[in-house]
Amino acid sequence: MKAVIIGANGLEVTDVAKPEIKDSEVLTKVATCGLNRADVLMAGGAFHGAQGGSGTVMGMEWAGEVEAVGSSVTNFVPGDRVMCTGTAGYAEYAVSDYGRTMKIPGNNMSYEQAVTLPIALHTMHNAVVTQGRLQKGENVLVQWASLGVWIMAMQIAKHMGANQVFGTSTNDTRR
């Protein structure tokens, strides 16, 4: 299958083996890929955790249609439209843990729209709800509120019933 890898002279499209899934994983036929800061940094030669370096298949978020599921996956079936996070998403097929796979709501959201959400949703849900323990009626202050994931934090806070949601930004043009 075709995939985008980090090559000796930058990004390259090449043939790689189609990934195989484990018990708790989902194989997706990729329709579209997201591009975020970590992808840009890796394309420029930096590492993101253990990810990066020559030969790495790029892509941390993608959307598409479920091709197959592992034996312990019960909440997805082939044909489901999903958005995912993981590694190696800039390929014809990508594997994600079922916990990093989300169904695309209804049929009113395109793959291009859906792929913009997974990392921001996971990151900010963890920050606001899981770690922040936001309760309905509380107030929330979000620093750097003009950047993508922080805008998601404000939306989650509003959705969770925060009383008031405040945001700060030092960038006049993005406020």
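**Close-up views of a predicted model**

**View 1. The cysteine C84 and its distance from C33.** In this predicted model, the sulfur of C84 lies 11 Å from the closest cysteine sulfur, which belongs to C33, and this is too far for a bond. A disulfide is a covalent bond between the sulfur atoms of two cysteines. Because a disulfide calls for two cysteine sulfur atoms within 2.5 Å, the separation of 11 Å between C84 and C33 is too far, and the structure holds zero disulfides.

**View 2. The largest nonpolar core.** This core has 13 residues, and the ones that touch the most other members are L134, V140 and V142. At least two residues of the core come from each of α3 (118–131), β8 (140–142) and α4 (148–159), and α4 gives the largest share, five residues. In soluble globular proteins, nonpolar side chains tend to be buried together.

**View 3. V140 and its contacts.** When neighbours within four places in sequence are left aside, V140 is in contact with L134, A157, A162, Q164, V165 and F166. Both V140 and L134 are also among the residues that touch the most other members of the largest nonpolar core.

Notes
Residues numbered from 1 in each chain as written. Predicted model: local features only at pLDDT ≥ 70, side-chain atom pairs only at ≥ 80, totals over all residues. Heavy atoms only, no water. Core = buried A, V, L, I, M, F, W, Y, C linked by side-chain atoms within 4.5 Å. Buried < 20%, exposed > 50% of the residue type's maximum accessible area, 1.4 Å probe, protein only. Helix = DSSP H or I, 4+ residues; strand = E, 2+ residues; numbered from the N terminus. Contact = heavy atoms within 4.5 Å.
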